[in-house]
Amino acid sequence: VERLSPTQDRNQLGALLGPSLDTPYFESTGRDLIYILGPERGSFTGVDSEWLLIWLDESDHFERYAVYTD
């Protein structure tokens, strides 16, 4: 995540992170790109998964990100 910057566009992010998943998860968030990170960290059972959600600005460049748990 430290390697993400506002100068990166959708293609550069795809080259860095791989293809975004095509999934309805977190559809209501309006995210542009979504990646599964793996089992929830810091959880004893690890039942939930962590997801990286990325939003792009109007020019298709990185704007912000968040890590969500399902």
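Here are some questions and answers about the predicted model shown above.

This is a predicted model, so local features need pLDDT of at least 70 and side-chain atom pairs count only at pLDDT 80 or more, while totals for chains, interfaces and linings use all residues. Residues are numbered from 1 along each chain as its sequence is written, and side-chain values use heavy atoms, with hydrogens and water left out.

User: What pattern does the protein follow along the sequence?

Analyst: Helices (H or I, at least four residues) and strands (E, at least two) are DSSP runs, numbered from the N terminus. By that count the protein has 1 helix and 3 strands. Its C-alpha atoms fill a box of roughly 40 × 25 × 20 Å along the principal axes. Read along the sequence, the pattern is α-β-β-β.

User: Which strands stand at the edges of the sheet?

Analyst: Two strands pair if DSSP finds at least two bridges between them. The sheet is open, with 3 strands in the order β1-β2-β3 and antiparallel pairing. Each edge strand has a single partner, so one side of it is left without a neighbour in the sheet; the edges are β1 (33-39) and β3 (62-69).

User: Is E50 buried or exposed, and what is its relative accessible area?

Analyst: Buried means under 20% relative accessible area, exposed over 50%, and partly exposed in between (1.4 Å probe, protein chains only). The side chain of E50 meets that of R41 in a salt bridge (2.7 Å, N to O). R41 is exposed at 60%. E50, though, is buried, with a relative accessible area of 8%.

User: What does Q8 touch, and is it buried or exposed?

Analyst: Q8 lies in the segment before α1 (10-17). Contact means heavy atoms within 4.5 Å. Leaving out residues up to four places away in sequence, Q8 touches R3, L13, L16, D60, H61 and F62. At a relative accessible area of 14%, Q8 is buried.

User: Why is the pair of Y25 and F26 called edge-to-face?

Analyst: Rings of Phe, Tyr and Trp (its six-membered ring) pair if their centres lie within 6.5 Å; planes under 30 degrees apart count as stacked, over 60 as edge-to-face and the rest as tilted. The structure holds 4 aromatic pairs. The Y25 and F26 rings have centres 6.2 Å apart, and the pair is edge-to-face because their planes stand at 70 degrees.

User: Which residues form one aromatic cluster?

Analyst: F26, at 19% relative accessibility, counts as buried. F26 also pairs edge-to-face with W51, at 6.1 Å centre to centre and 70 degrees between the planes. That pair links the loop between α1 and β1 to strand β2, 25 residues apart. The cluster is made up of Y25, F26, W51 and Y68.

User: Where does the charged end of R64 sit?

Analyst: A charge sits over a ring if NZ of Lys or CZ of Arg is within 6 Å of the ring centre and within 35 degrees of the ring normal. The charged end of R64 is 3.8 Å from a ring centre, and the ring it sits over belongs to W55.

User: What distance separates the C-alpha atoms of V47 and D70?

Analyst: V47 is in the loop between β1 and β2. It counts as exposed, at 66% relative accessibility. V47 and D70 are 23 residues apart along the chain, and their C-alpha atoms are separated by 9.3 Å.

User: What share of the 70 residues counts as buried?

Analyst: E50 and Q8 are both examples of buried residues. Over the 70 residues of the protein, the buried share is 30%.

Definitions and conventions:
A salt bridge is a side-chain nitrogen of Lys or Arg within 4 Å of a carboxyl oxygen of Asp or Glu.
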